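Good morning, and thank you for making time on the agenda.

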Amino acid sequence: MKGLLTRVRSYERSVQLLMVNQFTINLGFYMLMPYLAAHLSGTLGLAGWIVGLVLGVRNFSQQGMFLVGGTLADRLGYKPMIVAGCVLRTLGFATLGLVDSLPALLAASAATGLAGALFNPAVRAYLAADAGERRVEAFALFNVFYQAGILLGPLVGMVLTGVDFRVTCLVAAGIFALLSVVQIRALPARRAEDAKRQQSDGGPGVLAQWRGILANRPFLLFSVAMIGSYVLTFQVYLALPLEVRRLGGDGKFGTAAVAMLFAVSGLSTILCQTRVTAWCKERYEPGQALVRGLAAMGLAFVPLLLATAVPVPESGIGLWLLAAAPPTLAALLLAIGTMIAYPFEMDTIVRLSGDRLVATHYGLYNTICGIGITVGNLGTGAALDAARAAGMPALPWITLIALGLACAAALYGLHRTGRLAAPPASEPLPATV
């Protein structure tokens, strides 16, 4: 921990604040969101389709507005979008705890999603700009704070929700309100160079900038190739818990085993992320690290594939081990793959953007990967259903392994052909088209 704090203090004040902010953002978000569905269906007694609608509106408003949020950050500055996102999430979370009408719940859910679309691209672009040549290491540290918030948030939320879900909502809203004040008072103003040039000479319009980014073929190919990493890591929330509960049941054992999945994923990142990044940076080029990270994510499902060849015990410790050990090992390997890839992934986006319109590139990247997650999860769910219906338990894991290796192969091709390198300084950048 002392070494981690020493590394954090070696960066500028703005970078330090952004890391702490991300921990707080995830703390507030994850102390509320895991318990929202139970509140809507239980306390408010809403039908299942309405619960799905409320949660879907949040996801749609966030994924659909990432590009707009990134564009606004590049044009108006990073700080205003970060502050606006925090204020909007304050209002959204408070409303979720205080209302019970469907229109108000939908509006609050949309506000929380839009908030993420505003501050996520801005935070990452700000961090990349102020970290400079050390941005790979900065994103490694950023992921430590990110995962710490995800790990601690549900634990705090569980305690507060045990009192009343409304208390959870108001505390989460209070965290974002405090965060808004801290941003306003302590976060230095930061504008992209593109915004400064636009003020001085007009610059291209928004549509021209978007067309330029869509003409950036290496960036688009990279974005599509990286979809697999998000589909695979999301299985910690989908396929792995379902597998635990399929074998271990929905009782206390199943609940504890699922909690262990998240604990292993979060704690391994907190303890090992900076070491893994330093080790990879010494030995690999960014493209090579990305290939290895995606391959590791795909191979993470091999333990589950092998477990399908083992006869399922009727009860006892053998059943518990079969239900818990392979998914937990898969979660650990997924975390390792993410640790390898994530800092280089964030750095590659900046390099492929030519260091221009960085937040807009992050916004479009998030949108592409978000759409990919939705499609990928539908496919994974279909594979899980088909496996049960056909008596082929290996099918989902073969599919996920193939996805990871295919994406790793795509990244290998991009790396070998030089498409993951920054465009030459003399080459006109697509963003100016």
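This is a predicted model: local features need pLDDT of at least 70, side-chain atom pairs count only at pLDDT 80 or more; totals for chains, interfaces and linings use all residues.

Residues are numbered from 1 along each chain as its sequence is written, and side-chain values use heavy atoms, with hydrogens and water left out.

The protein chain contains 19 helices and 0 strands; both are DSSP runs, numbered from the N terminus, with helices being H or I of at least four residues and strands E of at least two. Its radius of gyration is 22 Å, close to the 22 Å from the globule rule for 433 residues, so the chain is as compact as a globular protein of that length. That radius is taken over C-alpha atoms, and the rule is 2.2 Å times the number of residues to the power 0.38. The C-alpha trace spans about 70 × 55 × 45 Å along its principal axes.

Of the 433 residues, 51% count as buried. Buried means under 20% relative accessible area, exposed means over 50%, and partly exposed lies in between, with a 1.4 Å probe and protein chains only. Taking contacts between residues at least 6 apart in sequence, 85% join residues at least 24 apart; a contact means heavy atoms within 4.5 Å.

Let us turn to helix α10, residues 206-214, whose buried residues are A208, Q209, G212 and I213. Viewed down the axis, these fall within an arc of 135°, so they line one face of the helix. The arc is that of the directions from the helix axis to the C-beta atoms. On the other side of α10, L207, R211 and L214 are exposed.

Next, I317 belongs to helix α17, residues 317-352. Its relative accessibility is 61%, so I317 counts as exposed. From N26, I317 is 291 residues away in sequence and 36 Å away in space, C-alpha to C-alpha.

L357 lies in the loop between α17 and α18, with a positive phi near 50°. D355 is exposed at 53% relative accessible area, whereas L357 is buried at 2%.
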